[in-house]
Amino acid sequence: MIEKEKRVNRALFLATSRGGRVFDSAHLVLRVFPSLKDGKNRFSFVVPKAVSKKAVERNLLRRRGYVAVARVENNLKKKTINIFFFKKGSGNISYQLILEEITGLFSKAGLL
């Protein structure tokens with residue numbers, strides 16, 4: 001899991017939920033925004049009910065996403081705010097696939 005100070009809080013999420021640069025893969029969409037004055041990378045995962053009706057499954061995907069980001073985070077070149085959205089139909093993907101897609105999205109965004 002990633003530290004709480006590196007997550008996007010509610011106020012920041014609402015302020016940055018529109019706009020930014022958008023990158024997508026088979027199961028994820030990444031929105032990238034410039035970092036705030038504190039200069040930290042911040043991350044958030046959104047798993048809508050369209051992915052799974054069960055909160056247990058949505059929370060599992062969110063936690064897997066945070067663990068995958070924690071593995072890649074030290075290699076990022078720029079400090080940004082990153083919001084990941086799971087796409088419909090991505091309810092049964094493995095941790096390894098999530099890690100590969102996050103790495104690919106960061107590469108597309110020019111952050112790795």
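## Aromatic pairs and a loop serine

In this predicted model, phenylalanine 106 is buried, with a relative accessibility of 0%. Phenylalanine 84 is likewise buried at 0% relative accessibility. These residues, phenylalanine 84 and phenylalanine 106, pair edge-to-face, with ring centres 5.6 Å apart and 80 degrees between the planes. Because phenylalanine 84 belongs to strand 4 and phenylalanine 106 to helix 3 (residues 95–108), their pair ties together parts 22 residues apart in sequence.

The structure holds 5 aromatic pairs. Another of them is the tilted pair of phenylalanine 45 and phenylalanine 86. Phenylalanine 45 lies in strand 3 and phenylalanine 86 in strand 4 (residues 80–86), so this pair links parts that are 41 residues apart in sequence. Phenylalanine 45 is buried at 6% relative accessible area, and phenylalanine 86 is buried at 3%.

| Pair | Centre to centre | Angle between planes | Geometry |
|---|---|---|---|
| Phe45 and Phe86 | 6.1 Å | 35 degrees | tilted |
| Phe84 and Phe106 | 5.6 Å | 80 degrees | edge-to-face |

One aromatic cluster is formed by Phe43, Phe45, Tyr66, Phe84, Phe86 and Phe106. The ring of tyrosine 66 also has the charged end of arginine 7 over it, 5.2 Å from the ring centre.

Serine 52 is in the loop that runs between strand 3 (42–46) and helix 2 (55–72). Its relative accessibility is 6%, so serine 52 counts as buried. The side chains of serine 52 and glutamate 57 are joined by a polar contact of 2.5 Å. Leaving aside residues up to four places away in sequence, serine 52 touches Glu57 and Arg58.

Terms used
Residues are numbered from 1 along each chain as its sequence is written. This is a predicted model: local features need pLDDT of at least 70, side-chain atom pairs count only at pLDDT 80 or more; totals for chains, interfaces and linings use all residues. Side-chain values use heavy atoms; hydrogens and water are left out. Helices (H or I, at least four residues) and strands (E, at least two) are DSSP runs, numbered from the N terminus. Buried means under 20% relative accessible area, exposed over 50%, partly exposed in between (1.4 Å probe, protein chains only). A polar contact is a pair of N or O atoms within 3.5 Å; within protein, one must be able to donate a hydrogen and the other to accept it, and residues adjacent in sequence count only if both atoms are side-chain atoms. Contact means heavy atoms within 4.5 Å. Rings of Phe, Tyr and Trp (its six-membered ring) pair if their centres lie within 6.5 Å; planes under 30 degrees apart count as stacked, over 60 as edge-to-face and the rest as tilted. A charge sits over a ring if NZ of Lys or CZ of Arg is within 6 Å of the ring centre and within 35 degrees of the ring normal.
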